[in-house]
Amino acid sequence: MPGLPTVLPWNQTLGETIPPDTPHAVSVSLPTWKSNVGYEEGEQWVVDKMQTGYPRFFIHKSIQKLAQAIVTQHGNAETENAMLVASKSCGTRCRNFLIKQNPSVDPSTIRILEFVPHPDRTTAADMTRVRPRLTAVIYPKGLWPTAKVFWQHTGEGISSRQAEFCHRAYDDGIMAEQSAVAHSSTPRLSKGPKRYQRNTSTDQSHGNGVNGHINGDAAAGETGVPDSAQFVEERFGRNLSIAFAAQAKLAIRKRIAGSLTKDMDLPQSLDEPHDSGNERGRDVPGFSFEDVYLYGMGMGAIFNAHRCLMLSRGEMPSVMYGFPYVDTLKVLEKFGPGATFYGFGTQEELDDLERRCENGEEYLSLFCEFPGNPLLKSPDLKRIRAIADKYDIAVVVDETIGNFLNIHVLPYADVVVSSLTKVFSGDSNVMGGTMILNPQSRYYAGLKKTLETEYEDNQFEEDSMYLERNSRDFVDRIQRINHNAGVIADVLRAHPCVKQVNYPKYSDTKHHYDTCKLPDGGYGGLLSATFHSMEDAQIFYDHLDTHKGPSLGTNFTLSSPFVILAHYNELDWAAQFGCEASLIRFSVGLEDTDALKKVFEFALAAILEKNSQK
């Protein structure tokens with residue numbers, strides 16, 4: 001192919017949001033291999049252009065601005081930083097982590113400040129609207145690396161939408177530090193109708209209600225609420241209705257439970273008859289949407305699954321089985337007694353686990369992904385379930401990559417977790433996570449009891465509305481994504497420049513995936529490939545005309561040199577588990593199939609042309 005451009009026009013987008021012009025985008029353009037390396041090296045030509053980044057790795061500028069404003073007024077901007085989290089309990093966990101990881105620090109230098117609606121500025125009408133609330137952890141600047149670890153691994157930070165909402169209220173005096181308003185002469189107003197008196201991100205009362213959520217029947221019965229698109233986009237100064245946010249959260253939970261599949265507006269969709277046709281996705285006796293819990297981020301669901309298991313069962317080491325997404329292993333290692341890591345995900349490693357258990361070792365839980373990210377290997381859930389039952393180990397399965405329209409893993413798990421940021425949303429403009437309990441689990445009663453006091457619905461209401469709207473066509477999107485991903489996997493497998501394609505359909509663990517695959521399910525939208533040389537990988541990536549940046553599960557194809565981004569400082573360690581530095585991960589989207597094929601074929605042809613010129 002003569003005349004291939006040296007630099008595609010796409011490569012001029014460095015640091016811009018993905019999708020473009022999206023204030024709350026969850027990905028950022030790193031369009032060349034060199035820019036990905038430059039990002040990891042902290043080179044200014046990359047860092048200075050970063051408008052945003054993946055929210056757990058790059059603290060959104062709106063959050064940074066609010067944190068700076070709070071430190072300026074309530075601390076010392078020269079020597080202190082603020083970490084913004086959704087509740088006092090999140091703040092307490094952050095403070096405890098900072099102290100534990102820095103034992104020489106004076107604990108009094110780390111303070112927790114709660115920001116609440118100012119009672120003198122609160123009217124009766126405000127009781128039906130979302131009210132601003134957050135917690136700030138003020139800490140010495142020298143502890144920033146530890147604070148960033150907490151932010152990244154736990155998913156307990158606030159969202160960028162919540163930061164914007166609260167910053168406006170802060171500037172207007174509607175939100176203030178709690179101690180400053182504790183002795184206000186104005187009586188605190190009623191919290192409004194009882195159905196709203198629940199533990200939400202905007203009303204941290206002590207009553208949790210059912211799973212800490214708004215009562216489903218009460219929320220569904222509200223009338224006269226506009227469609228979410230109209231409501232969110234008009235917003236009327238971000239005066240968000242509690243009633244509508246409750247409906248959105250209920251719809252999300254029912255959609256995750258498999259009992260709501262209609263692509264319809266709220267509230268009509270909640271009044272639709274139960275859709276039993278999709279219930280096979282959660283076909284476990286006694287299961288309902290009441291077993292679905294929402295979190296602000298996927299890592300928040302993973303972190304809290306681990307935390308609640310420790311609270312329910314006692315602190316014991318855990319097991320990470322299979323090469324995982326980086327932060328899951330870090331949570332098990334840093335927020336408890338540690339973890340045994342079986343990074344190959346082999347039968348031999350399960351043999352070793354059984355030997356350890358026979359020798360008296362006890363484990364809290366076994367975490368695994370189905371399939372894994374980025375190697376797309378599927379664990380043997382049948383055998384894992386048998387081992388767990390015999391030796392009293394809780395099984396936690398992350399189904400983000402497979403997703404519940406393709407696979408059915410709940411019968412093998414005690415807890416299922418998933419990132420709603422990914423394909424459930426698809427639009428790459430909102431974060432979310434979920435934890436799902438199996439009512440047939442031996443740990444179900446204990447976890448339910450723990451969650452009665454420990455669960456907080458910290459998903460910001462405006463995020464919930466975006467997530468609900470984005471996920472309405474989830475069912476239709478999955479089928480198209482499955483098809484496109486299969487086609488691209490075949491294109492890559494047929495090319496001589498590609499060393500290995502990782503995709504559940506072609507994995508040596510396909511039989512484990514097929515055990516859990518639904519009758520009309522597919523193999524998902526995620527795949528990865530390695531190349532015969534780093535140079536070939538770089539040429540391919542630089543000539544690949546897709547969006548290029550972190551995250552996955554987007555409605556558009558998104559590519560990333562995953563190992564470079566996720567394991568840049570531990571490349572040799574990752575390589576021993578099969579994660580080579582030349583690996584490129586592809587999250588395939590909804591594009592026209594033939595057009596998408598041509599995009600990949602063009603990039604593959606670039607390798608051949610470059611090599612022919614040597």
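In the predicted model, Gln347, Leu350, Asp351, Leu353, Glu354, Cys357 and Glu358 of helix α13 meet Arg383, Ile384, Ile387, Lys390 and Tyr391 of helix α14, where contact means heavy atoms within 4.5 Å. The residues of this contact divide into 6 nonpolar, 1 polar and 5 charged (Ala, Val, Leu, Ile, Met, Phe, Trp, Tyr, Cys and Pro count as nonpolar, Asp, Glu, Lys and Arg as charged, and the others, Gly among them, as polar). The model is a predicted one, in which local features need pLDDT of at least 70 and side-chain atom pairs count only at pLDDT 80 or more, while totals for chains, interfaces and linings use all residues. Residues are numbered from 1 along each chain as its sequence is written, and side-chain values use heavy atoms, with hydrogens and water left out.

Two packed helices are described by the angle between their axes and the distance between the axes. For α13 (residues 347-358) and α14 (residues 381-391), the axes come within 11 Å and cross at roughly 5 degrees; axes are lines fitted to C-alpha atoms, for helices over the stretch in contact, and angles run from 0 to 180 degrees between N-to-C directions. The two helices α13 and α14 are therefore roughly parallel to each other (angles under 35 degrees count as roughly parallel, over 145 as roughly antiparallel, 65 to 115 as roughly perpendicular and the rest as oblique). Helices (H or I, at least four residues) and strands (E, at least two) are DSSP runs, numbered from the N terminus.

An open sheet is formed by 7 strands in the order β7-β13-β12-β11-β10-β8-β9, with mixed pairing; two strands pair if DSSP finds at least two bridges between them. Its edge strands, each pairing on one side only, are β7 (292-295) and β9 (339-342). Helix α10 (residues 242-257) lies across β7 and β13 (433-437), running at about 125 degrees to β7.

Elsewhere in the sheet, β10 (residues 365-369) and β11 (residues 394-398) pair in the parallel sense over 5 bridges, and the bridge partner of Leu366 in β11 is Val395. Strand β8 is joined to β9 by 4 bridges, the two running parallel, and Met320 has Phe341 as its bridge partner in β9. Helix α12 (residues 326-334) lies across β8 (318-321), β9 and β10, running at about 165 degrees to β8.

The largest nonpolar core holds 144 residues, of which Leu84, Leu492, Leu527 and Phe540 touch the most other members; such a core is a set of buried Ala, Val, Leu, Ile, Met, Phe, Trp, Tyr and Cys residues joined through side-chain atoms within 4.5 Å. Apart from it lies another core, of 10 residues, including Phe323, Val326, Phe562 and Ala574.

Thr22, in the loop between β1 (17-18) and β2 (27-28), is buried, with a relative accessible area of 16%. Gly446, found in helix α15 (residues 444-454), is partly exposed, with a relative accessible area of 28%.

Methods: Buried means under 20% relative accessible area, exposed over 50%, partly exposed in between (1.4 Å probe, protein chains only).
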